[in-house]
Structures are given as structure tokens and as C-alpha cells.
Amino acid sequence: MGIQATYLGMPLAIDDLDVENLAYFRHCAAHDFHLQRCTACGLVRYPPTTACPWCANPKSDWVPVEARGAVHSYTEVHHAIQPAFKAHTPYLVLLVDLDTQKGKPTELEALRMMGNLTTPDGTLAPPETVKSVGIGTRVRMVFADVAPGLAIPHWTIDETAPQPARPWRYPQE
Amino acid sequence: MPMPDTDTTSPKFLRDKYAIVGVGETTYTRGSGVTTRKLGTWAVRNAIEDAGLKPSDIDGMLSYQSGDSTFSTFIAGDLGIRPSFYMDVFGGGSSTEALVGMAMGLIEAGMCTTVAIFRAMNGFSQVRIGGTGARAAAPVSGDALHGRAYGWQSAGQMFAPTFMRHMHDYGTRPEQVAAVKAIHSEHASNNPKAFYKRRFTVEDVLNSRIICKPLHLLDCCVETDNGTALIVTSAERARDCRHTPALIRGVVGRCSKPRTDMHYQHGPISTVAGHYARDILWPNAGVGPEDVDVTGSYDAFTFTTMLQLEDYGFCKKGEGGQYVSDGTIRLGGKRPNNTSGGHLCEGYTHGLNMVIENVRQLRHDVDDSCPIGPDGKRQHTYDYREGGCRQVKDCELSANLGWANPGTGSAMVMRRG
């Protein structure tokens with residue numbers, strides 16, 4: 001069965017044929033982050049794909065992945081495109097390097113995941129928190145529950161991790 | 001300048017064998033009041049007329065679109081063209097040069113002889129190219145669940161992590177990148193067709209409101225309604241056409257970084273597809289960036305112009321900010337970029353107008369406000385002050401650098417025939 005739901009005013013849909021995304025978001029709904037691991041080369045991949053980007057093997061297992069990492073880059077959105085995001089501007093879209101598999105299989109690669117900066121309950125972060133985060137900030141994954149079988153993974157500041165004294169921020173501030 | 005032709009390793013058998021012989025466009029507006037079918041017909045008709053050809057001389061047609069336009073069959077039908085080949089592909093800013101390469105291949109394969117390529121769009125009044133309106137309301141599914149669900153949807157939002165990381169990695173400054181808009185606006189002020197002819201300063205850009213960091217409003221291109229078209233044929237046939245042909249030296253089409261599904265998986269993310277494309281482009285063209293007189297580096301955003309000029313080797317990696325702000329890319333500088341004003345000022349056409357501009361530059365006949373002489377040709381003054389000339393003096397070699405996103409690009413080198 002596919003899934004249809006609404007999140008922040010947007011219609012979300014996962015087709016019943018899209019078994020990769022159904023599995024990915026089912027784990028998210030259980031607040032138990034999993035990614036596909038190739039049964040041949042053993043590398044984990046993001047986002048969900050139908051074969052291994054490194055060895056083309058179609059078979060994979062869903063494995064638990066520790067969802068912590070550091071902000072690799074970001075954008076701070078002041079002019080929202082989707083109507084429901086306008087109430088939350090400025091909001092951060094983060095590109096996060098997971099610690100898991102960072103620098104593998106080559107030093108140029110990492111599992112780089114998108115997500116918004118949110119509070120621990122998965123709500124888009126308020127402006128004062130947005131201002132405190134930049135490249136290098138340590139974050140951990142949290143989830144915004146949407147529907148049975150569907151939660152959206154996000155990032156919140158990792159309170160337990162040592163943080164950079166001054167994360168890198170856009171210079172014109 | 002004679003073209004160097006010393007590289008024996010590349011497939012130079014297509015070098016100079018094909019040409020762009022006709023260019024055409026509609027007016028650039030916000031509110032065309034007509035269908036994309038009418039815009040496409042108008043642009044293709046103008047390009048055929050410009051080439052000195054008849055519709056019956058066209059036997060191939062290619063177009064590109066993003067679910068927002070008409071198809072070749074309607075344009076060909078409206079103009080009485082019977083195609084021996086046509087195809088409409090899905091795509092945006094990496095399509096123009098890629099389709100020129102495909103047109104060369106079609107003719108080379110004997111499938112047709114003369115190809116029209118068009119892009120028609122109501123990018124302001126119908127399907128907003130910035131992603132607002134109908135596109136913002138579309139259901140989110142498949143791969144978009146990992147992007148659009150985060151309010152990460154418009155081109156600016158999607159490319160911003162690349163732009164931001166370039167500033168982080170190389171110390172690129174906002175005022176350096178803003179110079180791209182200032183300079184392109186100077187060029188547009190000498191382009192009677194440009195939608196925005198007003199000159200802007202670096203301060204104007206930096207003082208405009210933030211859209212999504214690091215992009216200010218004036219770092220982003222204009223949304224417009226327009227049709228644009230090119231005619232490609234063999235160099236042999238080009239000799240019978242109206243204008244000096246723009247001979248195609250080399251093409252690279254939709255060359256990509258690894259992981260086309262999600263290119264950020266492979267770094268450095270401050271490096272774009274041009275890093276890979278240049279190894280195809282320059283050997284095919286038999287020239288290098290230092291030989292080029294004028295560039296057309298895609299300016300959906302100020303940053304895209306800078307990133308591509310850098311990764312195609314017009315300056316050292318990391319020095320793009322310096323390159324675009326030191327006067328090199330200004331009319332009268334060593335290697336002007338987007339002399340029409342480009343997407344930032346002339347109008348947004350998904351790359352095609354930048355090729356049109358360079359074809360006219362190579363003809364030594366850009367349509368500025370210089371006086372027309374007794375021979376019917378413009379008497380270019382090379383006075384680049386506001387309202388004046390925008391012809392690059394002695395322009396022999398051009399490079400167009402098309403951009404779909406940080407992970408995919410296309411490019412083409414042309415020379416004066």
C-alpha cells in the first residue's frame with residue numbers, strides 16, 4: 001500500500017511501487033534510522049536507490065545507521081517557495097555529513113543528508129537558533145511524525161557533542 | 001587569429017564541420033499574452049529568416065522543456081515544415097549546447113540536413129521558472145521526498161549549498177560575486193532587447209533583500225516569457241546562408257559529476273560539472289580557455305557564472321571571485337561574459353539566448369544601438385558607455401557554458417567562419 005499524507009501544507013505521496021522509499025520512511029516513522037547497505041561491497045548509501053552506486057549490485061539490506069554528523073553546507077531561506085514555510089522564515093536547510101562512512105569509499109565522498117534545522121520535537125527552529133548554526137555545527141537526527149509509515153528526518157543541535165567555538169556562517173552578517 | 005590545430009588525439013573530424021547559421025527570438029516580456037506555441041513559431045520563423053532559408057529547407061527539429069511548453073510537431077506544423085527527424089527532450093539550462101551536439105550527430109548520420117532548435121516558455125506568466133505557483137503546490141513524491149519536503153525546491157535553494165561551500169572553501173566574498181550582476185547589467189544597458197536595461201551597482205546587489213543565503217534578490221535572474229531558436233547545418237550549406245557562419249569547434253553535452261541522482265554525495269561540492277566537462281570540451285575544440293574572446297557562462301545566478309568560468313579553467317580553482325570582479329568579464333575587458341546581459345538582465349530562456357548572442361558576436365553584428373551604415377551593417381563604435389556599443393572587437397572565438405545544476409553542464413566552442 002502506498003502512503004498519502006500532508007506535511008507543512010504539502011501533499012506527500014509514496015507510490016506502492018516505490019518500495020525503497022516506503023522502507024526508508026517506515027524506519028523513520030519508528031524513529032529508527034536505517035539506510036540500504038549493499039550485500040556485495042558493504043557500502044551504505046543515501047538517498048534510497050535501486051542498485052549500489054559503487055558496484056551496481058541490486059541487492060541490499062536495511063541496516064541501522066547512527067544518525068549524527070556535522071553541517072557540511074547550508075542555506076538560510078528568507079523567501080519561502082511553499083506557502084506553509086512562509087510562517088517559519090528564516091529557516092535552515094542543512095547538508096549534513098554523517099559520521100558513518102565519512103571519507104569512504106574515497107576521501108571525496110560522504111553520506112550527505114538533507115534536512116531542516118529543527119527543535120528536538122521536529123518543529124522548524126526559531127530564528128535565534130537558526131542564527132547559531134553554521135558549517136561545522138554538530139547535529140543529531142530527530143523526526144517529524146507525519147502519518148503511519150511516514151516521518152520526515154530532520155536535524156537538531158547535538159547537545160552532547162563538543163561544538164566549534166564559531167561555526168562558519170555567511171560573511172555578510 | 002589562426003586556430004591552433006595541433007591536438008591529434010581528439011575527434012577533430014567534426015571540428016568546423018557544422019555551423020549555426022540562423023538565430024531568432026521573440027521579444028522578452030513578463031506577460032507575452034500568447035501561447036508557448038505562438039512564441040516557438042515566432043522564434044523559429046525568425047531564425048529561418050535570419051539564416052536566409054525557407055521553412056522547407058528545415059528537415060529536423062529539436063526542443064527542450066520542463067513540462068511547460070509546446071512540442072516540435074506543432075511548430076513544424078504551423079510553419080509547414082515536414083521533419084525527417086524531430087525530438088522534444090526534458091531539460092533546462094544544460095540543453096542548448098547538448099542539442100546542438102545532437103543536431104550535428106543527426107546530420108552526420110544522414111538523418112536530416114538542417115535542424116531548428118527552439119525553447120519557448122512563459123516563464124513568468126504561466127509556469128514560473130522560480131518554482132512558485134503551480135509548481136510549489138505539486139505533490140511531493142519519489143526522490144523529492146528527500147528535498148522538497150524540506151522547503152528545498154527552487155533552483156536557488158537547491159544550488160545554495162554549493163555556493164555557500166565555495167565561500168567557505170575559498171574565502172569568496174559576496175561583493176566579488178555581486179560584480180557579475182553589475183557587469184551584466186552594464187552590458188544589458190547596451191541591449192535594446194533586454195528586459196532590464198537599468199545599470200545596477202555591487203552595492204545595489206548587496207543591499208537587495210536576501211532570498212536564500214548567499215543569494216540576494218539581485219543575485220537571481222529575471223523570470224520572463226519568450227521564445228528563442230537556432231538553425232544548425234553543415235559548414236558546406238552554411239556558405240549559402242545569409243550571414244558569416246558560427247562554426248562549431250567542439251561540444252560537450254550534459255556532462256555530470258558522479259551521482260546524478262544526488263550530486264552532493266560526491267565532493268568537493270564547491271566543484272561543479274565543468275570540472276569534468278572541460279576535459280571533453282577543450283580537446284574537442286582544439287583550443288584552450290586562454291584563446292577565447294567572449295564567454296557565455298550561464299547566469300541563472302551570479303554564482304553560476306563564477307563557478308563555471310572557474311571550473312572550465314578560465315582562472316585557477318578558487319580564484320573565480322577575483323576573475324569575475326577584476327574587470328576581465330566586462331565589455332572592454334580581456335574576455336567579456338554575457339554581453340547581452342544574459343539571464344540576469346536580458347531574459348530567461350534556459351541558456352539559448354546566450355548562444356544567440358555569441359553567434360551575433362562572431363558575425364561582428366550584435367544588435368546594439370550603433371548606427372547602421374550604407375552597407376546595411378552596424379558601424380560599431382566600441383564605446384561601451386550606457387546606451388552604446390556591445391560588440392567585442394575582433395571577436396573570433398567564443399565559449400558557451402550551460403548549466404543545469406551544480407552536477408550537470410554542457411558547453412560549446414564556436415569560431416567565426
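Let me start with a word we will need: two residues are in contact if their C-beta atoms, placed from the backbone, lie within 7 Å. Keep that in mind, everyone.

What we have here is a predicted model, in which local features need pLDDT of at least 70 and side-chain atom pairs count only at pLDDT 80 or more, while totals for chains, interfaces and linings use all residues. Residues are numbered from 1 along each chain as its sequence is written, and chains are lettered from A, with ligands numbered from 1, in the order in which they are written.

Let's begin with chain A. Among its contacts between residues at least 6 apart in sequence, 54% join residues at least 24 apart. How many helices and strands does chain A have? There are 2 helices and 10 strands. Helices here are DSSP runs of H or I with at least four residues, strands are runs of E with at least two, and both are numbered from the N terminus. Along the sequence, the order is β-β-α-β-β-β-β-β-β-α-β-β.

Now the overall dimensions. Taken along the principal axes, the C-alpha atoms of chain A fill a box of roughly 45 × 40 × 25 Å. A compact globule of 173 residues would have a radius of gyration near 16 Å, and chain A agrees with that, at 17 Å. That radius is taken over C-alpha atoms, and the globule rule is 2.2 Å times the number of residues to the power 0.38. Of the 173 residues of chain A, 42% count as buried. For us, buried means that 20 or more other C-beta atoms lie within 10 Å of a residue's own C-beta; exposed means 12 or fewer, partly exposed is in between, and the C-beta atoms are placed from the backbone.

Next, please find strand β3 of chain A, residues 34–38. This strand pairs in the antiparallel sense with β5(A), residues 60–64, over 5 bridges. We say that two strands pair if DSSP finds at least two bridges between them. One example to look for: Gln36(A) has Trp62(A) as its bridge partner in β5(A). β3(A) also pairs with β4(A), residues 44–45, again in the antiparallel sense, over 2 bridges. There, Arg37(A) is partnered by Val44(A). β3(A) and β4(A) form a hairpin with 5 residues between them, and in the turn Gly42(A) has a positive phi of about 80 degrees.

On to chain B. Chain B has 13 helices and 12 strands, and its C-alpha trace spans about 50 × 45 × 45 Å along the principal axes. Of its 417 residues, 61% count as buried. Of the contacts in chain B with a separation of 6 or more, 76% come from residues 24 or more positions apart.

Which residues of helix α9(B) are buried? In this helix, residues 274–285, they are Gly274(B), Ala277(B), Arg278(B), Leu281(B), Trp282(B), Asn284(B) and Ala285(B). Seen down the axis of α9(B), these buried residues fall within an arc of 160 degrees, so they line one face of the helix. The arc is that of the directions from the helix axis to the C-beta atoms. They pack against β9, α10, β11 and β12 of chain B. Just after the helix, Gly286(B) takes a positive phi of about 70 degrees.

In the loop between β10 and α10 of chain B sits Ala300(B). Is Ala300(B) buried or exposed? Ala300(B) counts as buried because it has 25 C-beta neighbours inside 10 Å. Leaving aside residues up to four places away in sequence, Ala300(B) touches Gly93(B), Ala155(B), Cys221(B), His343(B) and Trp403(B).

Finally, where do the chains meet? The contact takes 41 residues from chain B and 39 residues from chain A. α5(B) gives the most to the side of chain B that touches chain A, with 7 residues.
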